[in-house]
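Look over the model first, then read on.

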Amino acid sequence: MKVYIVDGSYAYSKLWTNAGHEIVSSVEEADIVQFTGGEDVDPVMYGEEKHRTTMCNLRRDLAEAEVFEQCLASKKPMVGICRGGQFLNVMSGGKMWQNVDKHAIGGTHPLYSYSDSTYLGEVSSTHHQMMRPDLGKAIILAHGGELSKDREHLGDDDWCESYYDVEVVLYPFSKSLCFQPHPEFNGAHLDDCRKYFFECVDKLISL
């Protein structure tokens, strides 16, 4: 496929080219558009107030929202990694838990299929926020195996299924794959993460 990377780096290019794909310089040329990591998504994008730990860049959000709308209008598939996945979740109608526990650990954690809890391998966990998908539009593909708690807004008894550590979400209507781990990181310990990432890309393309 031809891939356009929004605000990317060599690591993202290498992820795709190592898998046999071509990097192009515009949305118009691309078969699929990749959104990348970085700052938190500004809560104004999903109608909530900014948490004290949220570090965001509204200018970037608004610029990338234009790319999202361009892809949506042309029915072009989009994939987001880490912040990019969170951004596509928000643009597709989801929200974010802005400061959760059990994250930003600098290491890895296990990933499990949401449908049957099959172990999928180890993935990175560098983020301190967690996706809150629009459950009426989203297909949750994978979770991190544990319940995470919003440090400010949830009490010990305020658990429900949607508070799982949601790591991978697919939005069919917007053709968006939200992939919170980092398959572009180096290391053989993330080979399973990269493999699963491209399996999810295949699901996205088949929509």
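This is a predicted model: local features need pLDDT of at least 70, side-chain atom pairs count only at pLDDT 80 or more; totals for chains, interfaces and linings use all residues.

Residues are numbered from 1 along each chain as its sequence is written, and side-chain values use heavy atoms, with hydrogens and water left out.

**Cysteines.** A disulfide is a pair of cysteine sulfur atoms within 2.5 Å. The count of disulfides is zero. C193 is in none; its nearest cysteine sulfur belongs to C200, 9.4 Å away. Buried means under 20% relative accessible area, exposed over 50%, partly exposed in between (1.4 Å probe, protein chains only). Two cysteines are listed here.

| Residue | Relative accessible area | State |
|---|---|---|
| C71 | 0% | buried |
| C193 | 1% | buried |

**D42.** This residue sits in the loop between β3 (32-35) and α2 (58-73). Helices (H or I, at least four residues) and strands (E, at least two) are DSSP runs, numbered from the N terminus. Which side chain of opposite charge is nearest to D42? K50 is, 6.4 Å away. Lys and Arg count as positive, Asp and Glu as negative; His and the chain ends are not counted. D42 is buried yet has no salt bridge (a side-chain nitrogen of Lys or Arg within 4 Å of a carboxyl oxygen of Asp or Glu). Leaving aside neighbours within four places in sequence, D42 is in contact (heavy atoms within 4.5 Å) with C56, L58 and D61.
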